[in-house]
Amino acid sequence: MHFDTVSVMKIIRKLKPKLSHGPDGITPFGIKKLGQYIVYPLSRFFESFLSVSQVPSEWKSSIVTPIFKKGISSNCSNYHPLLLCCAIQKIMERLIVDETLTYLRKHNVISKEQHGFLRRRSTVTNLLETTNDWTISFKNKHMTTAVYIDYSKAFDVVPHPKLFYKLFAYGICGSFLAWIKQLLTGRIQNTRVGNSLSESVPLGSGALHLFYSFCILTMLLL
């Protein structure tokens with residue numbers, strides 16, 4: 001995989017400048033402002049990290065900020081966890097995800113019926129396609145059965161060893177897979193409420209928010 005400056009700059013421009021910084025203290029706003037000056041060094045850093053299958057230690061930690069949704073404020077289940085990672089880490093992750101999705105599509109691993117977590121596909125496209133199928137079935141007087149399954153907190157409980165096994169089974173190997181293992185192994189997480197920060201907790205499961213392509217595999221094939 002080659003991290004060219006055009007691809008890196010494209011991801012930098014998409015960063016949301018108002019987001020808070022991660023454990024490394026570098027804000028997305030600062031990266032966007034300095035993008036044209038740091039895009040080349042970043043692309044070289046990313047290639048070096050992948051070639052030796054290593055990640056900076058800061059990338060293995062993340063901060064969770066609970067965002068209140070509704071209901072009783074004393075109930076923890078009424079909060080949505082907002083995950084804060086290093087902004088530079090997000091750039092490399094996004095590039096890795098794009099490359100992985102290209103590979104999966106090229107080898108026809110992702111089903112044509114898959115609508116979640118893919119560009120230009122959503123619950124709307126899924127509903128349109130489903131409605132069309134139901135209409136044809138209704139006109140032909142065929143019985144139609146629909147089953148909907150909701151995986152509660154599915155991404156939070158993805159076991160890493162099983163995830164690595166599935167990635168390897170689909171041809172993702174070498175330094176590419178080793179880098180993913182490095183990123184997901186030995187991770188720690190803190191929860192921040194106001195100015196208070198909890199003790200670090202080790203994570204043995206779960207997939208990072210940008211690794212939707214890997215989550216597709218675990219959701220459909222485990």
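A crossing of two helices is called left-handed if the near helix is turned anticlockwise from the far one by less than a right angle, and right-handed if it is turned clockwise. In this predicted model, the crossing of helices H1 and H4 is right-handed.

**The pair H1 and H4**

Two packed helices are described by the angle between their axes and the distance between the axes. For helix H1, which spans residues 5-13, and helix H4, which spans residues 87-106, the axes come within 10 Å and cross at roughly 115°. On the H1 side the residues that take part are Ser7, Val8, Ile11 and Ile12, and they meet Ile91, Arg94, Leu95 and Asp98 of H4. Sorted by class, this contact has five nonpolar residues, one polar residue and two charged residues.

**The chain as a whole**

The protein chain has eight helices and five strands, and from the N terminus on its elements follow the order α-α-α-β-β-α-α-α-α-β-β-β-α. Of the 222 residues in the chain, 34% are buried. Among the contacts with a separation of 6 or more, 66% are between residues 24 or more positions apart. The chain exposes about 14000 Å², and carbon and sulfur atoms supply 59% of that area.

**Helix H7 and the residue after it**

Which residues of helix H7 (residues 174-184) are buried? They are Phe176, Leu177, Trp179, Ile180, Leu183 and Leu184. These residues lie on the same side of H7, because they cover an arc of only 155° around the axis. An α-helix has 3.6 residues a turn, so residues three or four places apart point the same way. Just after H7, Gly186 takes a positive phi of about 75°.

Most residues other than glycine have a negative phi.

Key
Residues numbered from 1 in each chain as written. Predicted model: local features only at pLDDT ≥ 70, side-chain atom pairs only at ≥ 80, totals over all residues. Heavy atoms only, no water. Axes fitted to C-alpha atoms, helices over the stretch in contact; angles between N-to-C directions. Helix = DSSP H or I, 4+ residues; strand = E, 2+ residues; numbered from the N terminus. Contact = heavy atoms within 4.5 Å. Nonpolar A, V, L, I, M, F, W, Y, C, P; charged D, E, K, R; others polar. Buried < 20%, exposed > 50% of the residue type's maximum accessible area, 1.4 Å probe, protein only. Arc of directions from axis to C-beta. Areas by Shrake-Rupley, 256 points an atom, 1.4 Å probe, with all protein chains shown as cover.
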